[in-house]
Amino acid sequence: MQLSPVPTTRAAVRWSLGHALPRTMLRRAARQGDLHGAMFVATQSADLAVLEPVLDELRTHGAFYRGKFAAVSVDNATVRALLSHPDAGSAFGPGDAAGRIARVQEWAMSDAPLGPLTPPSLLVTEPPDHTRYRKLVSRVFSVRAVERLRGRTQEIADELLDSLDPAEPVDLVSTYCSLLPVTVIAEILGVPEADREKVLRFGAAAAPSLDLGLSWREFRRVEASLRDFDEWLGQHLDNLRREPGDNLLSQLVSAQEDGVHLTDAELRSTAGLVLAAGFETTVNLLGNGASLLAAHPDQRAALAERPELWPNAVDEVLRLDPPVLLTGRMATADLELQGIPIPRGAVMVGMLAGANRDPAVFTDPARFDVARENARDHVSFSAGRHYCLGAALARMEGEVGLRSLFERFPDLRVERGAVRRSTRILRGYEHLPVTLRPDAGRSSHR
Ligand code: HEM
């Protein structure tokens with residue numbers, strides 16, 4: 001990866017508007033007692049326990065807490081209504097401050113690399129473009145297509161587990177939780193064996209592109225990797241057009257609706273989003289799940305007795321420790337949500353982690369219960385038109401990954417030294433040291 005020696009003024013403005021300014025404003029708001037600001041500051045700690053009191057306080061404000069910069073909701077019904085509202089858009093413009101700021105933003109974005117949060121990413125596209133584009137992509141990422149990947153995912157999980165030495169402590173994130181989803185995604189994207197290492201490096205470096213409040217250094221590293229990945233992807237797509245392979249990206253290249261294909265930028269953007277999702281979300285599902293299950297022997301015992309509960313256990317992990325903490329929307333027109341008027345241009349934050357612990361929906365919400373009947377009512381995959389396109393894939397990988405791990409190593413123990421990631425919106429473990437067979441280890445040391 002090459003960092004350009006002279007950062008462009010545009011990049012500096014992009015960073016200021018997208019990261020430095022929100023960070024400064026929210027920190028200041030926190031000092032003035034604003035709960036949205038307090039929430040931002042609490043996300044500096046990767047520990048969900050630090051955020052919990054803020055979520056509880058936000059809940060006392062009903063459907064929405066009106067912060068200085070955004071209306072924040074931790075209420076399950078309101079978050080769902082927000083994410084499904086036709087006039088709540090996922091693209092963030094300067095709102096009614098328009099005029100000069102809008103022009104500066106447009107100018108600064110004109111040489112931004114293609115990324116998960118820049119157009120034409122599905123995440124920031126709205127109807128009618130979103131409808132056409134999503135239809136094409138979801139045809140390829142269908143539940144049936146995902147089920148066809150289950151056997152291969154199982155093989156990858158088994159190979160990875162075979163390569164671990166049960167007698168030695170291992171970092172479960174680097175040896176398993178990250179390798180499983182990225183290997184699956186490399187196959188979905190049809191990455192040739194020789195390019196795997198390189199693409200995985202781009203992915204790891206570009207991953208924080210989904211986060212907020214990056215430092216200048218991180219921001220530049222992320223942008224440089226996004227450019228490298230995009231360049232590689234352009235060539236890779238040309239190769240797939242000439243010689244399509246048996247992978248989902250090749251199908252996406254030829255997918256069409258009424259004779260219309262995805263544009264080249266849409267294809268590159270979707271592939272980038274899929275890669276980022278593998279690095280930043282599914283890896284967290286596996287790490288968070290391994291940690292929760294390791295800490296709850298009664299729940300492991302329930303799963304050993306009733307393995308049919310595994311899919312539900314994955315949803316319970318997603319509910320209690322969601323890989324994506326929150327998402328935002330901007331009102332594109334004056335609107336009403338749960339009877340509350342919201343003016344055009346207002347920013348709204350849906351706290352997915354808060355909605356997942358709404359006591360009106362989940363009994364004893366802080367309890368980890370793999371048999372919880374409505375575990376699937378979480379909003380960890382969002383809701384409405386931007387509902388996660390990879391949800392079926394992530395659930396399948398979570399199920400195969402966690403089940404294979406605990407069936408092979410039922411007594412797995414987390415050791416001291418677990419470290420959560422420093423990203424704010426994406427939540428998971430950076431390192432998770434474990435002993436796979438604690439008893440075997442003890443007897444061999446006798
Ligand atoms: C546990 C793993 C995952 C979680 C928690 C997750 C979460 C999310 C969330 C919360 C959104 C919507 C954000 C919003 O509404 O603003 C989203 C969208 C999306 N996700 Fe995932 N995701 C996961 C895995 C994946 C995977 C494996 C893929 C790869 C296929 C994927 C592809 C996408 C795409 C393409 C979108 C954009 C959909 C749209 O805007 O129409 N995700 N994901």
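Okay, the salt-bridge network: Asp230, Asp238, Arg241, Asp264 and Arg268 are all linked up in it. By salt bridge I mean a side-chain nitrogen of Lys or Arg within 4 Å of a carboxyl oxygen of Asp or Glu. Quick caveat before I go on: this is a predicted model, so local features need pLDDT of at least 70, side-chain atom pairs count only at pLDDT 80 or more, and totals for chains, interfaces and linings use all residues. Residues are numbered from 1 along each chain as its sequence is written, and side-chain values use heavy atoms, with hydrogens and water left out.

Aspartate 230 and arginine 268 meet through their side chains in a salt bridge, 2.7 Å from N to O. Aspartate 230 sits in helix H11 (residues 216-242) and arginine 268 in helix H13 (residues 264-295), so this pair ties together parts that are 38 residues apart in sequence. Helices here are DSSP runs of H or I, at least four residues, strands are runs of E, at least two, and both are numbered from the N terminus. Are these two buried or exposed? Aspartate 230 and arginine 268 are both buried. For the cut-offs, buried is under 20% relative accessible area, exposed is over 50%, and partly exposed is in between, with a 1.4 Å probe and protein chains only.

How many salt bridges are there in the whole structure? The search finds 27. Here are two others I picked out. Arginine 319 pairs with glutamate 316, with the closest N and O atoms 2.9 Å apart. Those two are both in helix H15 (residues 310-320), 3 residues apart, about one turn of the helix, and both are buried. Then there's glutamate 415 with arginine 413, at 3.1 Å, N to O. Glutamate 415 counts as partly exposed because its relative accessibility is 25%, and arginine 413 is partly exposed too, with 38%.

Okay, surface patches. Leu17, Leu21, Met25, Phe69, Val104 and Trp107 make a nonpolar one of about 470 Å². Patch residues have over 30% relative accessible area and no salt bridge; like charges are joined within 9 Å, and nonpolar side chains (Val, Leu, Ile, Met, Phe, Trp, Tyr) within 5 Å. The areas come from Shrake-Rupley with a 1.4 Å probe, and for residues only the protein chains shown count as cover. Helix H1 (9-31) and helix H5 (99-109) each put in at least two residues, and H1 has the largest share, 3 residues. Valine 104 is in helix H5 and is partly exposed, at 35% relative accessible area.

There's also a positive patch on the surface, where Arg27, Arg28, Arg31 and Lys68 gather. For charges, Lys and Arg count as positive and Asp and Glu as negative, while His and the chain ends aren't counted. Each charge is placed at NZ of Lys, CZ of Arg, CG of Asp or CD of Glu. Lysine 68 is in the loop between strand E1 (65-66) and strand E2 (71-73), and 54% relative accessibility makes lysine 68 exposed.

Threonine 43 lies in the loop between helix H2 (35-42) and helix H3 (48-59). Why does threonine 43 count as buried? Because its relative accessibility is 5%. The threonine 43 side chain reaches the backbone oxygen of phenylalanine 40 at 2.5 Å. Valine 349, in strand E10 (residues 347-351), is buried as well, at 8%.

Notes:
A polar contact is a pair of N or O atoms within 3.5 Å; within protein, one must be able to donate a hydrogen and the other to accept it, and residues adjacent in sequence count only if both atoms are side-chain atoms.
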